[in-house]
Amino acid sequence: MAVDVSPERVRSTAELARLALRDDELAPLAAKLQGILAHVAELDAWDTKAIPPTAHVLDLAMTLRDDVPARGIDRATALSQAARTEQYAFAVPRFVAE
Amino acid sequence: MADLTTLDASSTPQRIAAGDFSATELCRAFLDRTAALDPSIGAFLRVDAEGALASARSIDARVARGDSLDGLPLAGVVVAVKDNLSTRGLRTTCASRMLADYVPPYDAHAVERLRAAGAVILGKTNLDEFAMGSSTENSAFFPTRNPWDRARTPGGSSGGSAAAVAARFSQVALGSDTGGSVRQPAALTGVVGLKPTYGRVSRWGLVSFASSLDVVSPMGASVEDTALLYAAIAGADARDATCLRRPVERADLSLGPDVLRGLRVGVPREYFGDGLDADVASRVRSALDAIERAGAELIELSMPHTRASLATYYVLAPAEASSNLARFDGVRYGLRVEADDLRGMYGATRDQGFGAEVKLRILLGTFSLSAGYAEAFYGKALRVRTLIARDFAEAFAKVDVLATPTSPTVAFPLGERSGDPMSMYLADVCTLPPSLAGVPAVSVPAGLGASGLPVGLQLIGPLFSEARLLAVAHGVESLLGRVGAPSWS
């Protein structure tokens, strides 16, 4: 599938990926993505209409571990690597309007 | 006392048990060598001298008490660990500004296994940021240099681990292999690197890049050392739902080159086409001739979907990466750049925390999963992956192993490819197909090319065939000899 990757397309994709790119980053990234996607378009040459997708290379049934209670990491440890915490929770900027 | 840093891992526990030297003496020898010489290589992001010496002393204490080391197959063995494997209490950065100060509260499964086997973990090795790259130049901190020629890369992304083994800063090393990240640097530095079958080693505690492809993988100066490390880390782990419960077979390395007699070795012609350096082609052909003279049957065959591997990989791996790296949002761990609102904090954190290649791959993956494109790109690549896996299944109906070059070139100069993603991605063109098919593959040195740089031979086996693959690799190593250590030091 041929795709025209514009700087505007890079900006909208970056927003989906939660990347705050600067304006001067958009055009060089668009050129790089265009080059990679041009190569990826070669996949169109292969007829895959009757081919199932491979999401996992091994034909395994999902296994369940034994239903035994086990202790996870404690709260203080879980919070220890966070940049900001408040009492017993991770702290984030306000995201719900009052 | 002889230079302990030339000692094989395989003989180390017995030598320590026999009192030839102590684990502490061995550890200090590697610490001293690393302190003196790693500043010119950059294999390690950090050396944990205190932790390493504590582990070594605990081995020595066992010996002093008269306790056996029999249950500790890696007793005193000095190991380097790629810095995308979690180590409790020891910073694990993935060579990213995003995790520059991250201290994991737990060990990766493979690291737990190392400690339980008596290993001495010397430190954490450099990599391309989040394992995305083929030269270790994408590290946010510094590039690693190849001990064979310090103006060249060691390959990547496990370039720090490969350089550590090649330079004898450690006896063996752990890396991770997603599309060739252990095999390609092993080839470029003259060491052995095994990518086990997908699911053979638990991914618990490995910082995720592409979860359907990532495999924790051992490296060593010899096949025997690599097999020793593999045996220590392979096996079931309930914390990774994709980790196999099958028993792990021990490799029988007693046959030497005799293992090659009557072996059917497939030589897929697609790996010997355009883009293969004459130097590499010549060394690999010489190795194949030697394998044939040792009694193997060489069978040329075709694997027609090989050339689709690069495009398939560069849809699937970035797609998975874009999802996996969504967790780095400044909330629970890692870098946080404050902003007025939550979205602003996410964006600024990820913009400042990730390097250029990581951003490129996140964008690529997000794009190929986005509405209107997901079926055309991601869906298509999943189907072509099936065709690539079928190529391997059909080949293994005719042959026992496949033999190919590991890398199309010898080690390339630092900076040569860093501005052109496609030329960098081509470094993995021979290692991507086995990753996509999930089958095990090992790179063994095939000697030095005319350039004086190491060339790797990749041997590929059917699913779960590590034991036989290692025996064959050992036979090839017995035949071709090891490339030895680089002379720079």
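**Terms and their grounds**

Trainee: Why is A:Arg11 called partly exposed?

Mentor: The relative accessible area of A:Arg11 is 29%. Buried means under 20% relative accessible area, exposed means over 50%, and partly exposed lies in between, with a 1.4 Å probe and protein chains only. A:Arg11, at 29%, is therefore partly exposed. Please note that this is a predicted model, in which local features need pLDDT of at least 70, side-chain atom pairs count only at pLDDT 80 or more, and totals for chains, interfaces and linings use all residues. Residues are numbered from 1 along each chain as its sequence is written, chains are lettered from A and ligands numbered from 1 in the order in which they are written, and side-chain values use heavy atoms, with hydrogens and water left out.

Trainee: What makes the meeting of A:Arg11 and A:Glu8 a salt bridge?

Mentor: A salt bridge requires a side-chain nitrogen of Lys or Arg within 4 Å of a carboxyl oxygen of Asp or Glu. For A:Arg11 and A:Glu8 the N to O distance is 3.5 Å, so the pair qualifies. The two residues are 3 apart in helix 1 (residues 7-16) of chain A, which means about one helical turn separates them. Helices (H or I, at least four residues) and strands (E, at least two) are DSSP runs, numbered from the N terminus.

Trainee: How do you know that B:Glu112 and B:Arg239 meet in a salt bridge?

Mentor: The N to O distance for B:Glu112 and B:Arg239 is 2.7 Å, and the limit is 4 Å. B:Glu112 lies in helix 4 (residues 109-116) of chain B and B:Arg239 in the loop between helix 7 (223-233) and strand 7 (264-268), so the pair ties together parts that are 127 residues apart in sequence. Both residues are partly exposed: B:Glu112 has a relative accessible area of 32%, and B:Arg239 stands at 33%.

Trainee: Is B:Arg336 buried or exposed?

Mentor: B:Arg336 has a relative accessible area of 11%, under the limit of 20%, so B:Arg336 is buried. Its salt-bridge partner B:Glu338, 3.0 Å away from N to O, is partly exposed at 42%. Elsewhere, A:Arg22, A:Asp24, A:Glu25, B:Asp351 and B:Lys359 are joined into one network by salt bridges that share partners. Over all chains the structure holds 29 salt bridges.

Trainee: Which salt bridge does B:Glu338 form with chain A?

Mentor: B:Glu338 pairs with A:Arg84, their closest N and O atoms being 4.0 Å apart. The rule finds 2 salt bridges across the interface of chain B and chain A. It also finds 13 residue pairs in polar contact there, both residues at pLDDT 80 or more. A polar contact is a pair of N or O atoms within 3.5 Å; within protein, one must be able to donate a hydrogen and the other to accept it, and residues adjacent in sequence count only if both atoms are side-chain atoms.

Trainee: Which helix of chain B gives the most to the side that touches chain A?

Mentor: Helix 12 of chain B does, with 11 residues. The contact (heavy atoms within 4.5 Å) takes 69 residues from chain B and 53 residues from chain A.

Trainee: Why is B:Ser309 counted as buried?

Mentor: B:Ser309 has 1% relative accessibility, and the limit is under 20%, so B:Ser309 counts as buried. B:Ser309 lies in helix 9 of chain B. Not counting residues up to four places away in sequence, B:Ser309 touches B:Ile388, B:Leu432, B:Pro433 and B:Leu436. Its side chain also reaches the backbone oxygen of B:Thr306 at 3.0 Å.

Trainee: What is B:His305 in contact with, leaving aside its neighbours within four places in sequence?

Mentor: B:His305 is in contact with A:Trp46, B:Leu387, B:Ile388 and B:Asp391. B:His305 lies in the loop between strand 8 (297-301) and helix 9 of chain B, and counts as buried at 13% relative accessibility.

Trainee: What pattern does chain A follow along the sequence?

Mentor: Chain A reads α-α-α-β-β, with 3 helices and 2 strands. Its radius of gyration is 23 Å, well over the 13 Å that the globule rule gives for 98 residues, so chain A is more spread out than a compact globule. The radius is taken over C-alpha atoms, and the globule rule is 2.2 Å times the number of residues to the power 0.38. Buried residues make up 30% of the 98 residues in chain A.
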